[in-house]
Amino acid sequence: MPNRLSNVGRLTVAAMSAGLLTAAITLPAVGGTGTLVVSATEQLNLKPVALAEPPLAQTSTVYDARGNVIARFYDQNREIVRLDQISEVMRTAVVAIEDDRFYQHGAIDLEGTLRALVKNLSSDRLSQGGSSITQQYVKQVLLNAAGTEQDKNKALEASYARKLKELRYAMGVEQKYGKDEILRRYLNIAYFGAGANGVQAAARRFFGVPASRLDLAQAATLAGAVQDPNTTDPSRGRKARALLLARRNVVLDRMAELGRITPEQAAAAKARKLGFKDVRLPNGCGDSDHPYFCEYVRHELLANPAFGGTRRARERAFAQGGLKIYTTLDPKAQAAADRAIRKHVAATDDALAAEALVEPGTGAIRAMAASRGYGSSARKKQISFNAVADARHGGLIGFQAGSTFKTFTLVEALKQGMKVDDGITVGNGYNAPSTSAFKNCAGAGVGDPSWTVTNDEGSPGFKTLRTGTWGSVNTFFMALEQRVGLCRTVETAKSLGIARADGRKLQEYETFTLGINETDPVTVATAYAAIAARGRYCAPMAITKITDAATGRPTSYRPSCRQALDPGVADATAHILSGVFTKGTMSRVGGIGRPAAGKTGTTDGYATAWFAGFTPDLAGAVSIGDPRGSQRYKLVNTTIGGRYFAIVAGASLPGPIWNDTMRAALKGVPATRFTPIDTGRFGGCGDACAPARPDRDADRPDAGEPGLGETDPGETGLGERALDDQGAGRTP
């Protein structure tokens, strides 16, 4: 012991006479006996060293089109703030308890260091830090930069080598920044407990206020928490809260002792309860009010190279980069979709309804909604996949799209010069005349003469592009697809963005026009939006701008569009599809009080049902099916939304959901009319000469319960061709 005290004495005299550690210093060898004599100028090398300061992990925030927060993502809950965004009393409290001479000393507080050395030398280990705020900042930087557990242990190890290394870095930091900037950086990097990194996150987590509004008692609490944030973590229970309360009072006493506050102020603050509010910051899509759109954004950002060179880089930026991600989500449209689905389908129903709204001319996704909650609770029938999108954006295989695909055959017919009143005489059944009657895009014949496609009921006869579409006549569209070509129809669908939800190649069978491919509402809505935009296809777009926290520079993203259809063809298609509301399968449901066009879709045996439609201002698609397996669990004799349905067709539920959504989403938006059809090119005489109600195949008013809407049975009847569990047709 006498040797140790003499060592300290020599250190003290040298420090006091020279003002810094330049004399020979004798220190005990850590973990052993004897002494280690070194020269401060030669061995300690006490010279400033530049500290590498990687960007701190921050919370990334996703915003809707109006600037409202949709979701937050973080590995570390942190929001970096300026010094003027931190209350003055918070700055005073942390300086008082951690380094009361912070503004008077340099990189090292010699008095505090000597105090710590006396304690350490008497115990043969580092039991007291004596670190300045600058040194603590350095330690936090090194800890946050540690990539492995081994690196983290090195950053925390109790050794003089580490302390000297930190001191060199601290000298470099003091050369680089002023005291206020060092304090700001320290308060933004420090861990306060309860998962809160930085003073802003801690203020919100502990007390539900920003750092700028912290009062004396709250500031003293946070200032006290940084010493041992795990032990005093108030989220751990009563014992930890008691320790934090005691620590808060120590801070208040110290502030009063230093004259930073009066004894009366300290007493009043100590009389208050801890006041921990346990405000948890949502993290991820599961905590979002709009989880399906959130999942779309997350997958888009992680998968798209436009948002970063590698997936690892994108993941790191998303979870740690403090990105501000601005999106296309329209809260008004989203609320409309949510309400409409809840009105018709219960969250606990076996059937799952999903809807996407897309803006024509930009591809902006304005809403994504589903009837089920997002999560992993089987009891609540939650789903953990994106029911509105494809697999690339968190979805699964989707549902067969049914007769919504007939629109692409109609478009191809108009592209090839057919007029709206051109038609084909068809019967109640259709058989391919030969195997070569339908050729896929590889040139192989896929027609099956033994296969009969039927309409449930309905009279044979002459059907035009208009009447065949309005009645959704299966046999007519099979004959029409034979005339215009299967591959040409497939290519038209692809030009409008149609793809399978599972990412596999489209199934190119002769029943392509009847919608045997599984897809998702975003894809179908975007295709129909292109027709609304007079043939201008714009890829689905969810992200408009990303601001990088490190640079503060925004990167904006523009729609990706191309002219997929001749505008006149798109206008003629819209003209025909508008009659679906007045003269076709949606006539019993009715319109939305403004120009609109669309197509119902029902698959074989009522496995799934769809409606896709558009106005010039907004397009949308609604699907409904059983996610347990739509071919096994069909929409027959079922109760949905508290109502019994003998069958569910496109106009039974998807159509009304679409109507209710559009009325609310477009409320207050002036109605826009479609561009009139070019009658000189496509014929027709407008609505004036159209029959009030065309001959509709399979018009069965008794197919469903009274008042449940149009059953649209004319869309069924794919025959008895085998379907696999996903619903894709198989050749015999």
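In this predicted model, helix 5 and helix 8 meet through a defined set of residues: Ile-133, Thr-134, Gln-136, Tyr-137, Gln-140, Val-141 and Asn-144 in helix 5 contact Lys-179, Ile-182, Leu-183, Arg-185, Tyr-186 and Ile-189 in helix 8. Sorted by class, this contact has 7 nonpolar, 4 polar and 2 charged residues. The chain that holds these helices has 23 helices and 24 strands. Of its 732 residues, 55% are buried. Among contacts between residues at least 6 apart in sequence, 72% join residues at least 24 apart.

**Helix 5 against helix 8**

- The two helices pack at an angle of about 45 degrees, and their axes are 9 Å apart.
- Helix 5 is therefore oblique to helix 8, since angles from 65 to 115 degrees count as roughly perpendicular and those under 35 degrees as roughly parallel.
- The crossing in which helix 5 passes helix 8 is left-handed.

- Helix 8 covers residues 179-189, and because 8 of its 11 residues are buried, the helix is largely enclosed by the rest of the structure.
- The buried residues of helix 8 are Lys-179, Ile-182, Leu-183, Arg-184, Tyr-186, Leu-187, Asn-188 and Ile-189.
- Helix 5 (133-145) is one of the elements that cover these buried residues.
- The cover also includes helix 3 (88-98), helix 7 (160-176) and helix 9 (199-207), together with strand 5 (191-193) and strand 6 (196-197).

**Helix 16 against helix 18**

- Helix 16 (residues 406-415) packs with helix 18 (residues 474-484) at an angle of about 45 degrees, with 10 Å between their axes.
- These two helices are therefore oblique to each other.
- Helix 16 passes helix 18 in a left-handed crossing.
- On the side of helix 16, the residues in contact are Lys-406, Thr-409, Leu-410, Glu-412 and Ala-413; on the side of helix 18, they are Asn-474, Phe-477, Leu-480, Glu-481 and Val-484.
- By class, this contact has 5 nonpolar, 2 polar and 3 charged residues.

**Thr-513, a loop residue**

- Thr-513 lies in the loop that runs between helix 19 (486-495) and strand 15 (518-519).
- Thr-513 has a relative accessible area of 0% and is therefore buried, the cut-off for this term being under 20%.
- Leaving aside residues up to four places away in sequence, Thr-513 touches Gly-402, Phe-405, Lys-406, Thr-409, Phe-477, Met-478 and Glu-481.
- Of these, Lys-406 and Thr-409 belong to the helix 16 side of the contact described above, while Phe-477 and Glu-481 belong to the helix 18 side.

- Strands of a sheet pair through backbone hydrogen bonds, in either a parallel or an antiparallel arrangement.
- In this chain, an open sheet of 5 strands has the order 9-8-22-21-20, and its pairing is antiparallel.
- Strand 9 (365-370) and strand 20 (597-602) stand at the edges; each has a single partner strand, so one side of each is left without a neighbour in the sheet.
- From one strand to the next, the twist averages 5 degrees.
- Strand 20 pairs with strand 21 (residues 609-614) in the antiparallel sense over 6 bridges.
- Within this pair, Thr-600 stands opposite Phe-611 in strand 21.
- Helix 21 (residues 567-582) packs on the sheet and touches both strand 20 and strand 21; its direction makes about 65 degrees with that of strand 20.

Methods
Residues numbered from 1 in each chain as written. Predicted model: local features only at pLDDT ≥ 70, side-chain atom pairs only at ≥ 80, totals over all residues. Heavy atoms only, no water. Buried < 20%, exposed > 50% of the residue type's maximum accessible area, 1.4 Å probe, protein only. Helix = DSSP H or I, 4+ residues; strand = E, 2+ residues; numbered from the N terminus. Contact = heavy atoms within 4.5 Å. Pairing = 2+ DSSP bridges. Axes fitted to C-alpha atoms, helices over the stretch in contact; angles between N-to-C directions. Parallel < 35°, antiparallel > 145°, perpendicular 65-115°, else oblique. Left-handed = near helix turned anticlockwise from the far one by under 90°. Nonpolar A, V, L, I, M, F, W, Y, C, P; charged D, E, K, R; others polar.
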